[in-house]
Each structure stands twice: as structure tokens, then as C-alpha cells.
Amino acid sequence: MVAVFVAALWGIEVVDTLAGNSLDQWGIHPRDGGEAVRGIALAPLLHGGWEHLAANSVPALILGFVGLVAGAGRFLLATVLIWVVSGVGVWFTGGANTVVIGLSGVLFGWMTYLVARGLFTRKPVDLIVGVVLMLLYGGMLWGVLPGQQGVSWQAHLWGAVGGVLAAVLLGRRSRAKSGPGNSRQVGAIAS
């Protein structure tokens, strides 16, 4: 499923290249109300060239795979929340007269979701996955700070916020479903 998504991103970039990169204008134009919803919806699907897409593809495959293995339904819900929070955050705080595109806001959200969810689900496997991901990819979180020219740290920041928010909301929901009132007793004798 993640491989199909990444392949679709590459297909979109082929179309964008053939169209003279005209699709990139469909990204987020901060504080421009004209096409805000379209920009928020499409920005993560668009990339500023092949290098940009390649840089996002490997983390998308790894983080997406880990997220789906850990629970496809919750991961897809988390992705929707991250996508919206990142996009809306960029729309409010992005640089004036810029167009923001790329999957990195969603990637930062996936990272923080996968790292933080163990704190809220309290499942040992989720905690272990979070620690391993922090060890492997924790350095990427520095991208939430302003730094590199032409890179939207706002997308990174708001994606990360969306990931933590998803971990909180979906982790609590997961705990509520598996709480004491919903547990089964195997071998109990009814009176």
C-alpha cells in the first residue's frame, strides 16, 4: 500500500515535469484564501523536482510501512489528521508569497506519531518502535526549526504537531477500546 502511494507520487512528478512544473502552483499559498482547501489537499502530493521527491520517498516507505504494520486503520486516520494539521498550520504561518509543496510535513507527522503513540497506548511494542525510530531518525526532528533556505520548517513543525495530536487522540481511543470494561475472561464460570 505504501509502495503504491510512493509510486503514485512518482507518477504525479512525471506528469508535473511533462507539464513544465505547472502543477506545483497547486500547493499551499499561505494566507491566500482563494485556493486554500485545494492547496492543503494537494501540497503533499507535489514535489519541487526529482531530488525533492527522492529525499521524501525512502522515509515515506519506511515510516509508512512501520505505521501500517502497527495498525492500518489507526495509521490512516493519523495520516488524515496530520495532513490537515500540517496544511492548515502552513497556511496560517508559512512565508508570504511562497508556495509550499512536498510530503515532508506528513513525514514529520508520521515520525512523531510513531514515536509518541507508545506513550498513549502504553503498549510495550509501541514504546519499543518509538525508541528505535528515535534512534534511527530522531535527528530529522531538528527540521522543525528555521534553518535551510527554501525549506518549509512550518510544514515540518505543524506535521510534527499533527503527529503528536494523532498519537494522543488515537492512543486514548485504543486504550478505551481495550479497557477493563471491554476485556474478556477466558475460562470464567458463569453463575
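Let me start with a term: a surface patch here joins residues with over 30% relative accessible area and no salt bridge, like charges within 9 Å and nonpolar side chains (Val, Leu, Ile, Met, Phe, Trp, Tyr) within 5 Å. A salt bridge is a side-chain nitrogen of Lys or Arg within 4 Å of a carboxyl oxygen of Asp or Glu. Accessible areas come from the Shrake-Rupley method with a 1.4 Å probe, and for residues only the protein chains shown count as cover.

Now the model. It is predicted: local features need pLDDT of at least 70, side-chain atom pairs count only at pLDDT 80 or more, and totals for chains, interfaces and linings use all residues. Numbering runs from 1 along each chain as its sequence is written, and side-chain values use heavy atoms, with hydrogens and water left out.

The fold, then. Six helices, zero strands. Helices (H or I, at least four residues) and strands (E, at least two) are DSSP runs, numbered from the N terminus. Of the 191 residues, 42% are buried. Buried means under 20% relative accessible area, exposed over 50%, and partly exposed in between (1.4 Å probe, protein chains only).

Back to the patch. Trp10, Val14, Leu18 and Trp50 form a nonpolar one on the surface, with about 410 Å² of accessible area together. Helix α1 (residues 2-18) gives the largest share, three residues. Leu18 sits in α1. Leu18 counts as exposed because its relative accessible area is 73%.

Next, the largest pocket. Its volume is about 600 Å³. A pocket is an open set of points on a 1 Å grid over the protein atoms alone, where a 1.4 Å probe fits, with protein on both sides within 12 Å along at least five of seven lines; lining residues have an atom within 4 Å of a point. Points are joined across faces, edges and corners, and the volume is the space filled by probe spheres set on them.

Which residues lie nearest its centre? Ser104, Gly150, Val151, Ser152 and His156, out of 27 lining residues. Helices α3 (50-93), α4 (104-121) and α6 (153-177) each supply at least two. By class, the lining has 13 nonpolar, 14 polar and no charged residues.

Last, two backbone points. Arg31, in the loop between α1 and α2 (36-42), has a positive phi near 60°. Arg31 is partly exposed, at 41% relative accessibility. Asn97, in the loop between α3 and α4, has a positive phi near 55°. Asn97 is exposed, at 82%. Neither residue is glycine.

How values were computed. Nonpolar A, V, L, I, M, F, W, Y, C, P; charged D, E, K, R; others polar.
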